Amino acid sequence: MTIPHLTAADGTTLPAIGLGTYRLNGSAGVDAIGQAIQAGYRLLDSAVNYENEGAVGRAARAAGDVRDELIVTSKLPGRHHRYDEALTTIEESVFRTGLDRVDLYLIHWPNPKVDLYVQAWRALIEARERGLVRHIGLSNFLPEHIDRLVAETGVAPVVNQIEVHPYFPQQEAIDYHREHGILVQGWSPLGRGNDLQQHPAIVEIATAHGVSPAQIILAWHVARQVIPLPKAASPQRQVENLDVFGIKLTDAEVEAITALGRPDGRLADQDPAVYEEF
């Protein structure tokens with residue numbers, strides 16, 4: 001299965017869909033991630049705080065000839081934003097994966113009250129220069145945070161991973177990123193344990209296309225040039241989630257799904273302006 005790629009302003013390309021690996025841990029996680037690689041996934045999302053860098057790395061190492069096609073991702077936790085700590089943490093991520101380097105490394109949250117995210121960004125820049133990581137980016141950063149990083153370091157992220165799903169479509173944020181050549185990844189793209197896949201508007205569009213509600217939601221992300229990161233452990237769901245690039249939504253269908261957005265649409269009220277993650 002051929003997966004399209006999206007391109008950032010600096011020429012970095014990322015697959016248009018990836019695998020979320022939160023709670024895919026241990027031997028079962030290695031097996032699930034290995035199945036996903038065989039199914040065609042090439043973008044694997046992890047984080048220090050997921051405690052599964054080892055499982056992701058083991059699956060990637062076992063991937064054989066396709067290892068160089070994989071984008072193995074990890075994220076720096078808030079407790080290690082200080083420059084020296086951040087560099088050490090990145091080194092440890094590389095060691096845990098057992099890989100020569102991590103392909104994409106992100107700052108997990110800005111933690112603006114602590115206000116050390118510029119130090120953390122400088123550490124990611126240094127890690128890239130040292131060859132510990134190939135590409136660097138952000139997660140859950142607001143435009144004002146990104147503007148500050150670029151102003152103080154001159155280095156823009158290739159990607160920002162943010163919460164995106166039909167109840168929280170983030171249109172303004174997506175417009176900002178597109179204007180600045182920053183790719184958007186969407187976490188929890190299918191919602192998380194809510195009623196999104198049972199919503200009548202989603203079900204109606206899915207029925208019209210002869211696909212599942214989950215596939216329609218992922219096709220909506222693709223139509224908006226958002227890289228969704230659905231988590232799935234079963235091979236059937238993994239393959240179903242990949243099989244969305246032939247679904248062509250009309251502009252009206254995309255708008256109808258986007259219109260499901262709610263002011264309180266965040267899944268866990270995690271506003272990056274105030275939320276702190278350690």
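Q: Which residue in β6 is the bridge partner of Lys75?
A: The bridge partner of Lys75 in β6 is Leu106; please keep in mind as we go that this is a predicted model.

Q: How many bridges join β5 and β6, and in what sense do they pair?
A: There are four bridges between β5 and strand β6 (residues 102-107), and the pairing is parallel. To get from β5 to β6, the chain passes through helix α3 (residues 83-97), and this β-α-β crossover is right-handed.

Q: Is β5 itself enclosed or open?
A: Strand β5 (residues 71-76) is largely enclosed by the rest of the structure, because six of its six residues are buried. Ile71, Thr73 and Lys75 point one way from the strand, while Val72, Ser74 and Leu76 point the other way, and all are buried.

Q: Back to Leu44, what is it in contact with beyond its sequence neighbours?
A: Leaving aside neighbours within four places in sequence, Leu44 is in contact with Leu19, Ile33, Ile37, Val56, Ile71, Val72 and Thr73.

Q: New topic: which residues touch the most other members of the largest nonpolar core?
A: Those are Ile33, Ile37, Ile216 and Leu249, in a core of 59 residues. Helix α8 (residues 213-223) gives this core its largest share, six residues. There is also a second, separate core of 27 residues, which includes Val102, Leu149, Val155 and Tyr176.

Q: And α7, which of its residues are buried?
A: In helix α7 (residues 200-209), Ile202, Ile205 and Ala206 are buried. Seen down the axis of α7, the buried residues fall within an arc of 100 degrees, so they line one face of the helix.

Q: What covers them, and what is on the face turned away?
A: The cover over the buried residues of α7 includes α8 and α10 (251-258), whereas the face turned away from the buried side carries the exposed residues Pro200, Glu204, Thr207 and Ala208.

Q: Last one, what does UniProt list for residues 17-260?
A: An unreviewed UniProt entry lists that span as "domain: NADP-dependent oxidoreductase". In this model, residues 17-260 are 44% helix and 15% strand, and the end C-alpha atoms of the span lie 22 Å apart.

Conventions
Residues numbered from 1 in each chain as written. Predicted model: local features only at pLDDT ≥ 70, side-chain atom pairs only at ≥ 80, totals over all residues. Heavy atoms only, no water. Core = buried A, V, L, I, M, F, W, Y, C linked by side-chain atoms within 4.5 Å. Buried < 20%, exposed > 50% of the residue type's maximum accessible area, 1.4 Å probe, protein only. Helix = DSSP H or I, 4+ residues; strand = E, 2+ residues; numbered from the N terminus. UniProt positions renumbered as here; feature names shortened; annotations may be inferred. Contact = heavy atoms within 4.5 Å. Arc of directions from axis to C-beta. Pairing = 2+ DSSP bridges. Right-handed = clockwise from strand over helix to strand, strands pointing away.
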